[in-house]
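Okay, everyone, thanks for coming.

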Amino acid sequence: MSSPMDRLQTLDNIEKDIATVLQSAGHALSELSKDKPANKQVEGHVNQFRQTLTNVETELAKQINYLTQVSTGQAHEGSSYNSQKTLQMAMHRLDHARTRVNELDTIKTKYIQLLQQHQLQKQQQGMQQQQPSSQS
Amino acid sequence: MADIRLEVPAENSVLEVLYDGSELHQQPPSMSEHLTQLARKIDFATDGEEIKEEKKEEEEEEEKQPFQQPHWPLEEVRNKIRQALTEVSVLHDLLAVVKPKPPQYMVLDPVQADPPEPKAYIQFLSLKKSLQAAGTILLNGAERLRTSQAEMGRPGRVVGQDFHIELLRLRQNWRLKKVGSTILGDLSYRSAGSMYRHSGIFEVSKADDGPGGPGILSIGSGGASPVAPQLGPRAIQSSLRVTVPTELTGSAYIFVCIKKDEEDICSAQLTSSDFVSGETHWQQKLEKAQNVLFCKELFSQLAREAVKLTPSIPHLVVGNQITATIFPGIHLLVGLCHSDGKNGQKGGSGVLVPGNSGTGGVVVGGNNHGSTTNMAPTSVMAGASMAGAPGVGLGGLGPSKYKHEHDLEHSLHQLLHRVYHHSFQHPLPHPVYAYMGMSKRRRAAGPEGMDKTQLVNMMKEQTLLEQIIRQVQHNFLRLRTMYVIDQLAAEFKDPLIVSHWNAFNSPTRSCVKINIATQGYDSVLRTKLVIHISERSLKCICRDGKIMTMSFEPQELRNLILCQISQHNMAALQCLARYTGWTVLSSEQNVGTGAIEPLGNASTVMLASPSGNKVIGVHSGPHQRVSVMVSSSPRPDFYPSTVVSGQRWENLGASWQEVRHDRMEGRNFLNKMELLMAALTA
């Protein structure tokens with residue numbers, strides 16, 4: 001009985017078992033209603049019926065026991081909406097901060113690009129100035 | 001022979017006499033009424049013989065009864081009496097049998113019919129048949145169970161998409177209860193402390209399957225839901241469907257902006273272009289619906305307060321907008337944007353053109369503007385909004401004109417959330433005998449003997465609108481201060497203005513520290529001042545401990561900083577003179593002579609060289625450029641004359657010559673002055 005998932009899985013299994021119970025009971029009865037009922041088959045079905053039924057009973061009892069331990073008669077009136085709202089607002093703040101940081105980053109890259117362009121231009125100008133001086 | 005008519009004389013009692021003299025007679029009683037009247041006259045408390053007579057009567061009546069009304073008042077009595085008569089007769093018979101002297105016995109034997117002939121074979125056959133029928137029913141039931149189980153765990157469905165598992169997930173985050181055969185959920189924040197009337201009920205049902213049916217959903221990557229289960233971006237069939245009320249569908253957000261211009265106060269129409277596809281995952285759907293509910297509550301609260309408050313300039317509440325004046329000529333606009341998914345925009349008359357699915361959108365203005373796109377300004381912030389992804393536009397106006405203030409929207413959310421919080425959370429510890437929700441000060445009010453005014457003052461609480469207006473005022477003032485300081489820092493390079501903003505601040509109070517220093521001479525002098533920014537005023541604490549309070553006008557701050565720059569130059573020069581060995585002859589903060597400054601006073605400093613033959617005078621005002629004068633005495637070229645025989649007589653002050661220090665070498669004022677001093681000393 002660890003996680004709710006497991007519990008749901010168990011309940012699912014019980015439901016399947018109940019289907020099996022019904023099926024074996026049905027098979028047993030229809031076998032009986034035949035003109036010449038095969039004793040062995042009937043016995044097999046009945047045995048299966050009883051076995052699965054016991055299984056279902058024990059499992060169901062387990063579940064009910066568990067439920068009596070954990071549940072109360074009253075409905076749960078609280079909710080996590082308050083904390084959820086807090087969480088949402090925190091996410092919003094985080095997003096906001098991220099956006100602002102991204103804006104800063106864009107400005108930085110833009111500035112760096114401008115700087116590089118400027119330096120390139122300077123270098124080219126220097127080259128151009130050097131070339132005429134070397135030619136002369 | 002004449003016919004003799006027999007008729008009842010009109011002796012019915014008169015019911016009413018009308019004004020014209022005619023009489024209204026009571027209608028003659030019907031047969032049954034007549035009988036009832038007669039029956040009322042019978043007295044049952046008389047002797048038995050009379051009862052017998054009565055019985056005869058009654059029997060007669062009984063005969064009559066089929067022709068009359070079946071129910072009459074004594075029917076029940078009659079029945080009971082009759083029953084009693086039967087019983088008494090039986091008892092009488094019994095006694096007559098038992099009573100004679102040689103006692104006789106009476107045996108009661110049940111009447112037995114002849115048992116039917118048992119037909120074994122037919123019985124066997126019918127048994128078989130019924131067995132078979134039972135078997136078939138059981139098998140059918142088992143088959144149906146199997147089928148439903150198989151549907152649950154169909155291979156097309158991802159593991160974990162089972163209805164019950166999804167229901168479990170839903171229950172983990174949302175309030176659910178079972179009413180009859182339906183599962184109802186509660187979206188409202190009432191359990192968190194809200195007082196809003198909207199019920200916020202949604203219904204949970206099993207999704208009916210079908211290829212391409214409503215169970216299909218595709219989750220975009222922009223789903224910013226914090227508690228959504230981690231699901232891949234591909235289409236997943238959800239086996240659970242939630243139905244939210246129509247007024248909560250779609251998405252909504254509170255639009256907050258600050259407008260600067262006076263005209264078109266209420267001409268802006270808010271529209272939102274956030275489209276929500278019909279089927280989204282329930283988590284997002286519920287979150288959006290809850291957000292819509294929250295926004296509606298927030299807006300209704302604000303609108304109520306706006307109407308109730310009576311400031312000097314009244315707040316305007318028009319449609320889905322509230323306009324409040326925060327400073328002269330500057331307005332705060334709060335609007336509720338709600339797009340309900342289909343095509344209707346609540347409160348906005350702008351026509352909406354579907355944008356490209358989701359974040360950014362296109363808004364077409366209602367009037368003569370053609371179409372204005374607003375992709376650029378909001379696309380960056382789209383993910384950060386409370387509503388998820390709004391494309392904000394104002395009908396008929398350039399959308400870039402009004403910037404949605406995300407942080408103010410967030411502040412509004414925070415304020416309402418705080419209201420919720422306070423309605424449930426009571427500060428601990430509190431005595432067990434105290435009422436819940438009473439503040440500590442209020443509990444202490446009795447023992448401390450507070451008077452009425454104190455109590456009234458204590459009960460005063462600021463409304464949400466007042467609080468947000470204060471925050472907006474502070475926000476605006478902070479930005480403006482920032483702008484002024486930045487402008488000045490860009491304008492003045494000579495003393496550098498460095499501002500440090502405190503990272504920790506409250507929504508209505510922040511603090512900036514300004515350092516004024518000259519580049520390269522940081523260690524010589526730094527002028528520091530601290531400015532506290534509150535809602536409508538600035539408080540500046542200077543280096544010398546002076547405290548100045550300024551209003552929200554930016555010019556005042558600008559003037560103050562200009563004065564500080566001027567003073568910094570003077571003070572730094574004096575410090576520099578101390579290092580270089582020059583003597584400060586005089587220093588005057590507020591000079592009374594010279595041209596009148598438009599603001600504040602000019603200051604002067606006079607410095608003498610170590611040898612005493614050179615004097616530098618510096619005059620500086622907040623709005624004037626710095627002027628530097630030099631006088632040297634005695635003159636280096638001294639020729640004794642008959643009047644002035646010795647050089648020492650030349651030590652009287654000589655004429656001043658102005659230095660054009662803007663043509664001097666040097667990076668800044670102090671550097672130039674240092675060079676000047678060096679040149680004069682050499």
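So, strand β20 of chain B, residues 526-533, has alternating side chains. B:T527, B:L529, B:I531 and B:I533 point to one face and are buried, with buried meaning under 20% relative accessible area (1.4 Å probe, protein chains only). Strands here are DSSP runs of E, at least two residues, and helices are H or I runs of at least four, numbered from the N terminus.

Quick caveats: this is a predicted model, where local features need pLDDT of at least 70 and side-chain atom pairs count only at pLDDT 80 or more, while totals for chains, interfaces and linings use all residues. Residues are numbered from 1 along each chain as its sequence is written, chains are lettered from A and ligands numbered from 1 in the order written, and side-chain values use heavy atoms, leaving out hydrogens and water.

Who are the neighbours of β20(B)? β19(B), residues 510-518, pairs with β20(B) antiparallel over eight bridges; pairing needs at least two DSSP bridges. A four-residue hairpin links β20(B) to β21(B).

Next, helix α12(B), residues 554-580: at 1.5 Å a residue, its 27 residues should span 39 Å, and the end C-alpha atoms are 39 Å apart, so that agrees. The expected span is 1.5 Å times one less than the residue count. After α12(B) comes B:G581, with a positive phi near 90°.

Finally, chain A has three helices and zero strands.

Technical notes
Buried means under 20% relative accessible area, exposed over 50%, partly exposed in between (1.4 Å probe, protein chains only).
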